[in-house]
Structures are given as C-alpha cells and as structure tokens.
Amino acid sequence: MNKQDQEFRNRTALVTGGSRGIGRAICLALAEKGANVALNYVQNRDAAAKVKHDIEAMGSRCGIYRADVSDPKAVEAMVADVAEEIGPVEFLVTAAGIAHLGDHTEIDLDLWQQIMRVNVDGTFLPVMAVKDGMIERGFGRIVCIASIAGLAPRGQMLPYSTSKAAVIAFARSCAQAFAPDVRVNCLAPGLIDTDMSAAMGAPARHAMREAAFLKRTGRPEEMAKTVLYLLSEQSSFMTGQTLVADGGRVTLP
Ligand SMILES: NC(=O)c1ccc[n+]([C@@H]2O[C@H](COP(=O)([O-])OP(=O)(O)OC[C@H]3O[C@@H](n4cnc5c(N)ncnc54)[C@H](OP(=O)(O)O)[C@@H]3O)[C@@H](O)[C@H]2O)c1
C-alpha cells in the first residue's frame with residue numbers, strides 16, 4: 001500500500017448523518033481506507049447498525065452514535081464518547097441535513113427554524129466541538145456538505161438554500177480561523193440519488209436531471225470520492241473552498 005493509501009489508516013473520522021445516503025457512502029469509503037469510523041445518526045438505528053456491520057466486515061472499526069446534531073449537549077457528549085471509545089476526531093464530515101421543496105407560501109417560521117437548526121446549528125456544533133482538539137494536536141481536516149442550492153437561486157427551497165449558503169460562509173470563515181493546521185472545505189453536490197432526493201418527487205427530479213450537462217443524478221459514492229480528496233493530502237493546498245460536484249448544473253458565470 002502506498003503512502004497516499006495509508007493516510008487514513010487507524011485514524012478517527014466522525015461522520016454526521018452517516019446512516020444513509022451521502023454520509024453512509026463517506027463512512028464506507030473512509031473504512032475502505034482503514035479509518036476508524038464514528039458514525040452519527042438521529043433516528044434510523046437499523047440503518048446505522050447495517051453500515052457498522054458492513055464496515056466491520058471490511059476489517060475496520062466503527063462505532064455508532066445517536067445524537068441530534070442540533071442539540072448542543074448531545075453533540076458534546078457524542079464527541080467526548082468518540083474520543084474515549086475510538087480516539088480524538090481527526091477527520092470530521094458534517095453530512096447530516098434535511099431539505100424542504102415547496103412554494104414560498106408553505107414556509108413559516110417553524111419550518112425555517114427547523115431547517116436552520118439541523119443544517120446550520122448541526123454544522124456549527126460538531127465543528128466547534130472538535131476544532132480545539134484538532135488545533136492543539138496540530139492536525140485536522142473538516143468537510144461540510146453544503147449544496148449547489150447554497151450557490152444558486154432556489155425559489156422552491158428558500159430555507160434550505162439559505163441554510164446551505166450559511167454552511168459555505170461558515171466553513172470559509174473557519175478555514176481562516178483554524179489555519180494553518182486545520183483545513184476546512186465544503187462539498188456542494190447537485191442532485192444525488194438518496195432518500196432526500198427521492199422525497200422531492202419524480203417531476204422535480206426529472207427537471208433537475210435535465211438541467212445538468214451530464215443528464216443524470218449523481219451517486220453517493222461519487223460524493224464520497226470527492227470528500228476523501230478534500231480530506232486527504234491530495235488537496236493539501238486547499239482550504240476555505242467549495243467544490244461543486246453536480247454534473248454541470250452550476251458553473252461560473
Ligand atoms: N441528496 C441530494 O441530492 C443532496 C444534494 C445536495 C446536498 N445534499 C446534502 O447532503 C447531505 C446528505 O444528504 P442525503 O441526501 O444523504 O440525505 P438522506 O439520505 O436524507 O440522509 C440524511 C442523513 O442525515 C441524518 N440526519 C438528519 N437529521 C439529523 C439530525 N438532526 N441529527 C443527526 N443526523 C441527522 C439522517 O439520520 P437518520 O438515518 O437517523 O434519519 C441520515 O443519516 C445533507 O446535508 C444534504 O443537504 C444532498
């Protein structure tokens with residue numbers, strides 16, 4: 001195994017929202033590289049247990065941690081438990097998130113706050129819980145999963161797109177604040193084949209597919225490869241960036 005393949009071996013990675021979709025694929029990709037994976041979920045224990053089983057079948061370690069990422073106490077406790085049971089977090093991926101697709105007339109303060117809590121507080125809290133340890137130890141890599149909805153107008157996703165723009169701004173600012181030993185980047189996926197996109201309904205998915213140069217949805221495994229790149233030494237001169245992986249729906253003007 002070459003040096004590049006060794007860089008995750010026996011190191012601790014925490015992935016929020018690791019039970020399903022993009023987070024699940026990231027957990028499996030990290031485990032394939034030999035990382036010890038701490039997998040966070042909130043509800044779906046069976047799905048989390050299945051990912052743990054698959055990771056252990058590869059010969060890697062995995063712990064599953066139930067915590068609502070928008071709950072400060074739960075996140076603090078999770079990060080402390082991960083440190084004790086697996087090791088201090090060296091790689092953090094914030095993939096937990098929720099979405100809402102619908103007309104602006106459907107939006108009220110409750111829905112707005114629910115999305116902000118999970119997507120924005122749920123990024124802020126895990127990052128803040130791990131960053132001091134990373135800075136002290138002189139090593140840390142963080143990837144926040146944003147969305148192209150945070151980069152382009154989304155009239156049917158007002159709270160979601162605002163929350164993802166906040167994630168991008170937060171990660172960019174953290175990159176400056178935690179430098180030089182901790183790198184922080186974002187991934188902005190387009191439409192990816194997961195439970196979240198399935199819930200958007202066939203007509204919306206069709207329109208999004210048609211809007212992409214590649215005329216297809218992305219696979220969670222494709223997102224995982226990009227996240228591993230951002231976590232790895234291959235992206236050693238990148239921090240504060242948002243990498244778009246969307247089949248060509250959002251490009252520079
Ligand atoms: N799919 C897309 O097209 C797409 C596009 C752009 C960006 N994204 C972003 O990519 C990320 C992953 O999306 P996905 O499509 O993989 O979603 P998904 O299939 O719906 O999975 C969501 C994951 O987040 C977890 N989660 C939700 N609320 C949580 C909370 N309060 N605390 C802890 N975990 C929570 C879920 O845990 P349980 O299993 O326990 O419910 C699950 O593991 C999200 O941030 C999403 O906004 C997705």
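I took helices (H or I, at least four residues) and strands (E, at least two) as DSSP runs, numbered from the N terminus. The model is predicted, and I kept to its limits: local features need pLDDT of at least 70, side-chain atom pairs count only at pLDDT 80 or more, and totals for chains, interfaces and linings use all residues. Residues are numbered from 1 along each chain as its sequence is written, and side-chain values use heavy atoms, with hydrogens and water left out.

**Entry 1, backbone.** I looked up asparagine 10, which lies in the loop between helix 1 and strand 1, and found its phi near 60 degrees, a positive value in a residue other than glycine. I then turned to the peptide bond from alanine 179 to proline 180, which is cis with omega near 10 degrees; proline 180 belongs to the loop between helix 6 and strand 6 (182-189).

I counted rings of Phe, Tyr and Trp (its six-membered ring) as a pair if their centres lie within 6.5 Å, with planes under 30 degrees apart called stacked, over 60 edge-to-face and the rest tilted. The count by this rule is three aromatic pairs. In one of them, phenylalanine 8 and phenylalanine 91 have ring centres 4.9 Å apart and planes at 45 degrees, so I noted the pair as tilted. This pair links distant parts of the chain, 83 residues apart, with phenylalanine 8 in the loop between helix 1 (3-6) and strand 1 (12-16) and phenylalanine 91 in strand 4 (residues 91-94).

For polar contacts I used pairs of N or O atoms within 3.5 Å. Ligand oxygen atoms lie 3.2 Å from a polar backbone atom of glycine 17, 2.9 Å from a polar backbone atom of valine 42, and 2.5 Å from an N or O atom in the side chain of threonine 194. Taken alone the ligand exposes 910 Å², of which the protein buries 95% (Shrake-Rupley method, 1.4 Å probe).

How values were computed. Polar contact = N/O pair within 3.5 Å; in protein donor to acceptor, adjacent residues only side chain to side chain.
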